[in-house]
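Subject: Structure handover

Hi,

Here is the structure for you to work with. My notes on what turned up follow below it.

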Amino acid sequence: MIRAFIAIGFRELFRRKAELLLTFAVPIAFFSIFALIFGGQGSSTPDIEIAVVDLDDSETSRKVIELMKAEGALDVQMGPLDEAGDRLDLEAARALVRDGDVSLAVVLLPGFGERVPSFFGGPDEDAVLMLRDPADPIAGNVVGGLLQKIVMSGLPERMAERGLERMDDLVGALTPEQEKRKDEVMGFIRQGFDREPAEGEEGAARSPDAGSPVRARIEDVTGDGKPSGMISYYAAAIAVMFLLFSASGAGGTLLEEEQNGTLERLLTTRVTMTTLLLGKGAFLVTMGVIQITIMFLWGALVFGLDLFSHLAGFAVMTSLTALAASAFGLLLATMCRSRAQLAGVSTIVILSMSALGGSMFPRFLMSEAMQAAGLATFNAWALEGYLKVFWRGAPLVDLWPQALVLLGITTAFFLLARQFARRWETV
């Protein structure tokens, strides 16, 4: 008898396709998505795109730049920016970070060659200016650590020279015999670091407490030191995800009207299916605008989100997002045959889109492959638009890529919904 109940249960499960997917396929899909996001797609990690500006133009600065280019974790951009071959300057690098084209800009300041390494004394001034986007909290720490490593391991001669210069300052002038010995030591250092280590030979261990060889200061290019950028990102991320759920749920009233006969009676009047879908879409758009506005108002009142100085950009992105979400809701409703099927399909699709599109985890912290995959989702374009408005302070004209894509999604989804809705039209 028990085996019969088990068999009946599995037969019922296999008849309910949406529930079957939620039980077996969706957990595997989500495991795969998050494994790709947090697992770095195996052992590989994406290169950090940085801009480098050399304001020192010394032998030391040029050597450091070459070592940065050779560093596997960095993708160094030096220019040229135009046909004249002009390389990056300070303002151009700052603009690259502000526009999100690179994660960080490293500026080797005038006097860099004289100030590196800094732990041997010398001018108490910064050698490097790091221009960063605080929305990416990882790039600055990683690049800063790599820069210290490059100077420590890649400039042995400069390290020795600065150390001996410091010794001269502390103990006074050296005797001719000591100068001779110093030259021999420098020759040994050059010979030792220019050759490859012998088989089985290990380099000397370095103490992590020895100090920092490069004095650097950090300047936040975006965000104006306020938390609004990331707060607005998460406000938009959560709002977009739940907007999709509410739009698909509200669009499901079409299925209820079909079931109780209301839809058939409406279509026997002068109301056409196109008019009906437009009316339903208008309601979904209005509901979506209100839903997102409430979310951002809550962020402004409780978490200090700087909403009122970005009202124009907020209005544009919210209108476009609500339009695309309403078309998405109509499409799912017209594709499905019942409320139960709609609930299952919408859960699978929306959660997958949200994971890939950045509603659950910021896209800019994903690998390049995952970021590219996210562009296939509605969420990614909406969130990028909100990020431009609240974090980068972009003018309205810079929103044209997001506006174009979201309008295209709206049009395509509505036309598909109209096509699927033909089954409800009476002959």
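**What was found**

Just after helix α14, Gly358 takes a positive phi of about 105 degrees. Keep in mind that this is a predicted model.

Helix α14 itself covers residues 339-357, 19 residues in total. From first C-alpha to last it reaches 26 Å, close to the 27 Å expected at 1.5 Å a residue. Its buried residues include Leu342, Ser346 and Ile350. Those three also turn up in the contacts of Ser248, which touches Gly329, Leu332, Leu342, Ser346 and Ile350, leaving aside residues up to four places away in sequence. Ser248 is found in helix α9, residues 228-251. Ser248 is buried, at 2% relative accessible area.

**The sheet**

There is an open sheet of 5 strands with mixed pairing, in the order β2-β1-β3-β4-β5. β2 (74-77) and β5 (216-220) stand at the edges; each has a single partner strand, so one side of each is left without a neighbour in the sheet. The twist averages 25 degrees from one strand to the next.

β1 (residues 48-54) and β3 (residues 104-108) run parallel, joined by 5 bridges. Ile50 stands opposite Leu104 in β3.

Two helices to look at here. Helix α3 (residues 59-70) lies across β1, β2 and β3, and runs at about 170 degrees to β1. Helix α4 (residues 90-98) packs on the sheet and touches β1, β2, β3, β4 (128-132) and β5. The direction of α4 makes about 35 degrees with that of β4.

**Salt bridges**

The structure holds 6 salt bridges. Glu91, Arg94 and Glu219 are linked in a network of them.

- Glu91 with Arg94: the closest N and O atoms are 2.6 Å apart. Both residues lie in helix α4, 3 residues apart, about one turn of the helix. Arg94 counts as buried, at 12% relative accessibility.
- Glu219 with Arg94: the closest N and O atoms are 3.1 Å apart. Glu219 lies in strand β5 and Arg94 in helix α4, so this pair ties together parts that are 125 residues apart in sequence. Glu219 is partly exposed, with a relative accessible area of 27%.
- Lys280 with Glu257: the closest N and O atoms are 2.7 Å apart. Lys280 is in helix α12 and Glu257 in helix α10 (residues 253-260), 23 residues apart. Lys280 counts as buried at 18% relative accessibility. Glu257 counts as buried at 16%.

**Aromatic pairs**

The structure holds 7 aromatic pairs. Two of them are set out here.

Phe242 and Phe245 form a tilted pair, 6.2 Å centre to centre with 45 degrees between the planes. They are 3 residues apart in helix α9, separated by about one helical turn. Phe242 counts as partly exposed, at 46% relative accessibility. Phe245 counts as partly exposed too, at 26%.

Phe296 and Phe390 form a stacked pair, 5.4 Å centre to centre with 25 degrees between the planes. This pair links distant parts of the chain: Phe296 sits in helix α12 (residues 273-303), Phe390 in helix α16 (residues 378-390), 94 residues apart. Phe296 is buried, with a relative accessible area of 0%. Phe390 is buried as well, at 5%. Ring pairs link Phe296, Phe314, Tyr386 and Phe390 into a cluster.

Best wishes

Key
Residues are numbered from 1 along each chain as its sequence is written. This is a predicted model: local features need pLDDT of at least 70, side-chain atom pairs count only at pLDDT 80 or more; totals for chains, interfaces and linings use all residues. Side-chain values use heavy atoms; hydrogens and water are left out. Two strands pair if DSSP finds at least two bridges between them. Helices (H or I, at least four residues) and strands (E, at least two) are DSSP runs, numbered from the N terminus. Axes are lines fitted to C-alpha atoms, for helices over the stretch in contact, and angles run from 0 to 180 degrees between N-to-C directions. Contact means heavy atoms within 4.5 Å. The expected span of a helix is 1.5 Å times one less than its number of residues. Buried means under 20% relative accessible area, exposed over 50%, partly exposed in between (1.4 Å probe, protein chains only). Rings of Phe, Tyr and Trp (its six-membered ring) pair if their centres lie within 6.5 Å; planes under 30 degrees apart count as stacked, over 60 as edge-to-face and the rest as tilted. A salt bridge is a side-chain nitrogen of Lys or Arg within 4 Å of a carboxyl oxygen of Asp or Glu.
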